[in-house]
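Me: Hi! I've just opened this one and would like to walk through it with you. Can we begin with the inside?

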Amino acid sequence: MSRTAAPPSSAASVDVPRAQAAPVTAPAAVYVEEEGAPGSAGQQIEARVYAAISQALLSGKLRPGMPLRERNLAQALDCTRGAVRKVLARLGFEGKLVLEPNRGAFVPQPSLDDIRQTYRARRVLETGVIASICGRLSDAQLAVLDAHVDTEAHSHADGTHERSIRLAGEFHLKLIGMADSAELDAFAQQLVAKTELYKALYDPAEFMHCAPTEHAQLVGQLRDGKTQAAISLATAHLDELEARVLTRAAAAETPDFRAIFAEAFAGAAS
């Protein structure tokens, strides 16, 4: 059975005994410190822990199915288990980790069907949004997208892998946000988080999540009202990403028994 990320309404407790299991509620948002932003020392520690674990996930350093133990993380990150517990709950709520009652937190280990279903949902959502906003965006909205694409281009040129993945996901979230629907925004955040993670788990580091040039082309088509061209570009892009992830995920699921039992085969042949 594959491990997939818990839905937002069922965030589970982490390393909590059964008799003391916390009620199923959305975790409090982890404070993410920005330059010059105020915040308690505890909030800043949680922000640091959140950033560290997120970066490890997006860089592919944490492998599918890997357990994340509170004690080990607290020692490695020089913080309390309570701070780690809050961050793990937040990441589980966001769909980036799997939380299993009385067992703890795990890096997701999606099945091939999990991956297909997530990309299918993204295609339906994003093509619908594109159809509804194409040719209708204001100059201010287009300027926001243009500025974001410029930021992506600089990150891409610098070769900053994790940041490029994050910025690519943020572009799609900004685009979907222009449909002005809180329900779509919440759903999109879950889907983008999952596909970012799938990419980090299974797609080699040399591949960037999205090329800034593709996003620039999409913004141009939205500006010119070329709905079908914009939909075709977005669909082809998601199709390519899904195919790459599925190919590598399938290879990871299929063990090379000849390599595993090479010594036994050699003994039988002698």
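This is a predicted model: local features need pLDDT of at least 70, side-chain atom pairs count only at pLDDT 80 or more; totals for chains, interfaces and linings use all residues.

Reply: Happy to. The largest nonpolar core has 32 residues, and those with the most contacts inside it are Ile53, Leu57, Leu68, Leu88, Leu97, Ile115 and Tyr119. A nonpolar core here is a set of buried Ala, Val, Leu, Ile, Met, Phe, Trp, Tyr and Cys residues joined through side-chain atoms within 4.5 Å. Buried means under 20% relative accessible area, exposed over 50%, and partly exposed in between (1.4 Å probe, protein chains only).

Me: Which elements give two or more residues to this core?
Reply: Helix 1 (41-58), helix 2 (70-77), helix 3 (81-93), helix 4 (112-133), helix 7 (182-202) and helix 9 (227-253) do. Helices (H or I, at least four residues) and strands (E, at least two) are DSSP runs, numbered from the N terminus.

Me: OK, what does Ile115 touch?
Reply: Leaving aside residues up to four places away in sequence, Ile115 touches Pro110, Tyr198, Tyr202, Val245, Leu246 and Ala249. Contact means heavy atoms within 4.5 Å.

Me: Switching to helix 6: which of its residues are buried?
Reply: His161, Ser164, Ile165, Leu167, Ala168, Gly169, Phe171, His172, Leu175 and Ile176. They pack against helix 1, helix 4, helix 5 (139-158), helix 7 and helix 8 (212-224).

Me: And the strands, in what order do they sit?
Reply: Three strands form an open antiparallel sheet in the order 1-3-2. The edge strands, strand 1 (67-68) and strand 2 (98-100), each pair on one side only. Two strands pair if DSSP finds at least two bridges between them.

Me: How many salt bridges are there?
Reply: The count is 12, taking a side-chain nitrogen of Lys or Arg within 4 Å of a carboxyl oxygen of Asp or Glu. One of them joins Glu242 and Arg123, with the closest N and O atoms 2.8 Å apart.

Me: Where do those two lie?
Reply: Glu242 lies in helix 9 and Arg123 in helix 4, so the pair ties together parts 119 residues apart in sequence. Both Glu242 and Arg123 are buried.

Me: What about Glu240 and Arg244?
Reply: Their side chains meet in a salt bridge too (3.2 Å, N to O). Glu240 is partly exposed at 41% relative accessibility, whereas Arg244 is buried at 14%.

Definitions and conventions:
Residues are numbered from 1 along each chain as its sequence is written. Side-chain values use heavy atoms; hydrogens and water are left out.
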